[in-house]
Amino acid sequence: METHASATVPKYLLSKFSLVDLDRCFEYFGVELRGTKMTEESVTLKVYGDKEQIKKAIKGLYSLINSDYKKQVQIETEPHKRPTSKVKDSLEKLQDEEGYREDYDKLADKYIQDCFARDIKPHPEVVDGFVR
């Protein structure tokens with residue numbers, strides 16, 4: 001039986017979703033998203049379709065919200081990896097002041113040459129030389 005229904009979802013849960021994403025979610029379950037109403041704290045979704053399909057669509061939406069939340073938490077809590085050899089080499093060069101100056105001078109020369117070739121005024125810090 002086709003029916004009109006509405007679902008109210010806290011706004012912060014839908015912060016990562018666009019209207020297109022919401023529409024696709026409901027369309028996947030054969031339900032039409034006919035409108036949205038936003039308040040400061042919530043979003044009301046007006047849908048049309050079979051009652052059972054609407055229930056499945058709402059569960060599917062919450063499933064998407066939960067999977068998106070889990071991805072965010074996983075990214076935030078992912079343990080830091082050990083520095084690669086490139087990073088270790090860079091840290092060692094930073095500790096060696098002469099090595100740092102040599103690298104800086106080489107890169108500064110390339111930068112200034114590139115600026116002149118493109119007719120761009122280089123940063124004064126680079127033109128003045130080694131920055132401490």
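User: Which residues is Phe26 in contact with, leaving aside its neighbours within four places in sequence?
Analyst: This is a predicted model, and contact here means heavy atoms within 4.5 Å. With neighbours within four places in sequence left aside, the partners of Phe26 are Val31, Leu33, Leu45, Val47, Ala57, Ile58 and Leu61.

User: In the largest nonpolar core, which residues touch the most other members?
Analyst: Nonpolar side chains tend to be buried together in soluble globular proteins. The largest nonpolar core here has 17 residues. Those touching the most other members are Leu14, Leu22, Phe26, Leu45 and Leu61.

User: Which element supplies the largest share of this core?
Analyst: At least two core residues come from each of strand E1 (2-10), helix H1 (19-28), strand E3 (42-50) and helix H2 (51-77). The largest share is five residues, and the element supplying it is H2.

User: How many bridges join E1 to E3?
Analyst: E1 and E3 run antiparallel. Within this pairing, His4 has Tyr48 in E3 as its bridge partner. The number of bridges joining E1 to E3 is nine.

User: Is Asp119 buried or exposed?
Analyst: Asp119 is in the loop between helix H4 (97-117) and helix H5 (124-128), and its phi is positive, near 60°. Most residues other than glycine have a negative phi. The cut-off for exposed is over 50% relative accessible area. Asp119 has 73%, so Asp119 is exposed.

Key: Residues are numbered from 1 along each chain as its sequence is written. This is a predicted model: local features need pLDDT of at least 70, side-chain atom pairs count only at pLDDT 80 or more; totals for chains, interfaces and linings use all residues. Side-chain values use heavy atoms; hydrogens and water are left out. A nonpolar core is a set of buried Ala, Val, Leu, Ile, Met, Phe, Trp, Tyr and Cys residues joined through side-chain atoms within 4.5 Å. Buried means under 20% relative accessible area, exposed over 50%, partly exposed in between (1.4 Å probe, protein chains only). Helices (H or I, at least four residues) and strands (E, at least two) are DSSP runs, numbered from the N terminus. Two strands pair if DSSP finds at least two bridges between them.
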